[in-house]
Amino acid sequence: MADPWDGFAAWAKRIRPQLPAWRKDLELPVPVFHPGPHMFKVALGAKCWRRIAIPGDADLDQLATAILDAFHFDRDHWYRFSYRDRFGRTLDIDHPYRAGESEHALADAVKMGELPLAPGMRLDFLFDFGDEWRFTLYTESIDAGPAIHKPRVLEKHGQAPKQYGGG
């Protein structure tokens with residue numbers, strides 16, 4: 001996967017000499033790894049949600065497992081995470097089994113703490129490309145609270161639909 005900042009960096013390199021007052025403004029911030037717990041409200045529809053905390057060093061495949069377990073879903077289908085970056089582009093992160101056929105990053109290679117998240121940001125989680133279960137993750141906090149070592153479901157609200165036979 002190409003670095004999402006490459007296009008901007010190349011453009012900024014050409015523009016900086018023309019706009020001396022913008023030299024510092026056009027510099028991209030150095031990515032910061034956030035090792036602390038990441039807290040999400042994960043919604044499946046309006047009335048069913050789970051609050052999940054996950055450590056920054058966990059990968060997105062671990063987050064997918066935590067989500068599916070929290071809603072009592074089997075883990076027998078592929079999935080994709082999607083989010084908008086600061087430039088408004090949608091970035092996708094695919095199930096690890098899509099290696100070799102996906103042009104996107106793979107979930108087992110992306111750590112939570114590497115994502116450029118902030119409170120209020122949203123991620124989408126599409127599970128099962130046939131039935132299309134759509135979960136929405138609302139970022140509630142980053143690096144807040146005591147350290148955790150594995151994903152945890154902190155709160156449950158509403159009855160999860162059945163994965164098979166009448167969602």
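**Note on salt bridges, sheet and aromatic rings**

1. Arg80, Asp94, Arg98 and Glu101 are joined in a network of salt bridges (a side-chain nitrogen of Lys or Arg within 4 Å of a carboxyl oxygen of Asp or Glu). The structure holds 9 salt bridges.

2. On the basis of this note: the model is predicted, with local features needing pLDDT of at least 70 and side-chain atom pairs counted only at pLDDT 80 or more, while totals for chains, interfaces and linings use all residues. Residues are numbered from 1 along each chain as its sequence is written, and side-chain values use heavy atoms, with hydrogens and water left out.

3. One of the salt bridges joins Glu140 to Arg51, with the closest N and O atoms 2.6 Å apart. This pair links distant parts of the chain: Glu140 belongs to strand S7 (residues 133–142) and Arg51 to strand S2 (residues 49–54), 89 residues apart. Strands here are DSSP runs of E, at least two residues long, numbered from the N terminus. Glu140 has a relative accessibility of 31% and counts as partly exposed, whereas Arg51, at 18%, counts as buried (buried is under 20% relative accessible area, exposed over 50%, partly exposed in between, with a 1.4 Å probe and protein chains only).

4. Asp69 and Arg75 also meet through their side chains in a salt bridge, at 3.2 Å from N to O. Here Asp69 is partly exposed, with a relative accessible area of 38%, and Arg75 is exposed, with a relative accessibility of 53%.

5. A further salt bridge brings together the side chains of Asp124 and Arg122, at 3.0 Å from N to O. Asp124 has a relative accessible area of 26% and is partly exposed. Arg122 is partly exposed as well, with a value of 46%.

6. The sheet is open and has 8 strands, in the order S5-S4-S3-S6-S7-S1-S2-S8, with mixed pairing (two strands pair if DSSP finds at least two bridges between them). Strand S5 (105–106) and strand S8 (152–157) stand at the edges with a single partner strand each, so one side of each has no neighbour in the sheet.

7. Within this sheet, S6 and S7 pair in the antiparallel sense over 6 bridges. Phe125 stands opposite Phe135 in S7. The loop between strand S6 (122–127) and S7 contains Phe129, which is partly exposed at 30% relative accessibility.

8. There are 9 aromatic pairs (rings of Phe, Tyr and Trp, the last by its six-membered ring, with centres within 6.5 Å; planes under 30 degrees apart are stacked, over 60 edge-to-face, the rest tilted). The ring centres of Tyr79 and Phe81 are 5.7 Å apart and the planes stand at 75 degrees, so this pair is edge-to-face. Both Tyr79 and Phe81 are buried.

9. Tyr79 also pairs with Phe125: the centres lie 5.4 Å apart and the planes at 50 degrees, so the pair is tilted. Because Tyr79 lies in strand S3 (residues 79–84) and Phe125 in strand S6, the pair ties together parts 46 residues apart in sequence. Tyr79 and Phe125 are both buried.

10. Which residues do ring pairs link into a cluster? The cluster consists of Phe71, Phe73, Tyr79, Phe81, Phe125, Phe127, Trp133 and Phe135.

Note on methods:
Helix = DSSP H or I, 4+ residues; strand = E, 2+ residues; numbered from the N terminus.
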